[in-house]
Amino acid sequence: MKRIGMLTSGGDCQALNATMRGVVKGLCNLYDDVEIYGFLEGYKGLIRNNYKLLKAEDFSGILTRGGTILGSSRQPFKLMNQPTEDGIDKVKSMKETYKKLKLDCLVVLGGNGSQKTANLLSEEGLNVIGLPKTIDNDLWGTDMTFGFQSAVDIATQAIDCIHTTAASHNRVFVVEIMGHKVGHITLHAGIAGGADIILLPEIPYDIKSVCKALDKRSREGKGFSIIAVAEGAISKEDAALPKKKRKEKLANRPYPSVAYEIAEQIKDACGSEVRIAIPGHTQRGGGPDAYDRVLSSRFGAYAAKLIHDERYGRLVVLKDNDVTDIALSESAGKLKYVSPEDSIVQNARMLGISFGDD
Ligand code: F6P
């Protein structure tokens with residue numbers, strides 16, 4: 001008999017349910033009797049002792065279902081050591097819930113911040129296993145997180161749809177894609193959707209260079225252009241500011257988001273007719289694509305094996321197409337950024353895609 005706690009934490013994504021199903025199927029193959037305590041709304045459920053006792057049947061039929069049957073919430077790591085508004089010591093309370101339910105292991109499906117908390121709980125003596133979730137694919141230590149490919153598919157479809165209308169009207173379109181700190185989705189969807197310019201947080205842009213790329217296309221007789229912009233794309237000028245000043249400036253910019261700012265800059269600098277498209281949270285919505293269904297099922301089965309082998313304090317990862325694991329402490333606190341040196345960036349440049357930086 002195994003008693004497992006499970007929670008889904010942070011921004012949701014496709015394949016959370018598929019991953020939990022994988023864990024439970026894997027466990028049911030290894031044990032005759034499994035009790036699953038599903039904590040509701042992420043760490044909040046663990047803190048507040050709010051859970052559902054689930055059976056294997058509860059995880060049937062959810063391979064293709066988006067969202068999470070447990071609900072999710074953001075519980076920032078940096079606030080974990082501060083009491084809740086009603087005075088609860090979060091870490092103490094999570095440990096008490098775990099002990100009260102006599103859990104053998106807590107399985108945490110989460111991204112960077114959630115895995116930092118998973119590592120903290122592991123260091124506090126709980127048996128914890130992490131599963132790498134996020135559409136951003138920015139979790140350090142894994143080549144791929146589940147949710148990423150499905151989000152890339154949706155962002156790519158958005159660019160595809162914009163392509164036809166942009167061509168009909170000879171317009172410049174700025175398509176804003178999710179990713180505040182990292183540009184993996186924008187880079188992949190930009191290439192997949194045939195974007196002409198890709199602007200990422202990791203490669204600050206110069207609006208003159210963006211206009212140069214637009215002008216080049218016009219001179220080649222191409223009447224429209226698509227710019228794929230990550231939410232966190234930043235100009236060279238802003239990137240050069242001291243961190244505090246930069247934060248202040250960005251927080252007070254008179255635009256709803258970066259796409260509006262860039263559209264305005266292009267109108268002013270190049271005089272082009274510009275429109276904006278923002279797929280927003282559709283990128284996290286709906287069911288997982290085939291790639292994510294396979295990846296998350298493999299991740300889940302692997303987590304069950306880790307539990308069986310009593311190898312705790314581990315994060316399940318994909319490395320060179322193999323599912324394996326690393327210490328939670330190895331990944332905690334690090335982000336996986338796009339590097340301008342990455343071969344994918346070099347390949348994109350060779351295709352003539354501008355990153356607005358030359
Ligand atoms: O971390 C996933 C993510 O979708 C980011 O790409 C995006 O910047 C952020 O979450 C949006 O967060 P929220 O759903 O809280 O608005």
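This report covers the disulfide and selected salt bridges of a predicted model.

Local features need pLDDT of at least 70, side-chain atom pairs count only at pLDDT 80 or more, and totals for chains, interfaces and linings use all residues. Residues are numbered from 1 along each chain as its sequence is written, and side-chain values use heavy atoms, with hydrogens and water left out.

**Disulfide**

The count is one disulfide (a pair of cysteine sulfur atoms within 2.5 Å). C211 and C270 form the bond, at 2.1 Å from S to S. C211 sits in helix α7 (residues 207-219) and C270 in helix α10 (residues 258-270), 59 residues apart. Helices here are DSSP runs of H or I with at least four residues, and strands are runs of E with at least two, numbered from the N terminus. The S-S torsion is about -65°, so the disulfide is left-handed. C211 is buried at 12% relative accessible area, while C270 is partly exposed at 29%. Buried means under 20%, exposed over 50%, partly exposed in between (1.4 Å probe, protein chains only).

C13 is in no disulfide; its nearest cysteine sulfur, in C105, is 20 Å away. C13 is buried, at 0%.

**Salt bridges**

The structure holds 22 salt bridges (Lys or Arg side-chain nitrogen within 4 Å of an Asp or Glu carboxyl oxygen). Among them are these:

| Pair | N to O distance |
|---|---|
| E35 and R3 | 3.1 Å |
| E85 and R48 | 3.8 Å |
| K267 and E264 | 4.0 Å |

E35 lies in strand β2 (residues 34-39) and R3 in strand β1 (residues 2-8), so their bridge ties together parts 32 residues apart in sequence. E85 is exposed, at 76%. R48 is partly exposed, at 34%. R48, E85 and D86 are linked in a network of salt bridges. K267 and E264 are three residues apart in helix α10, about one helical turn.
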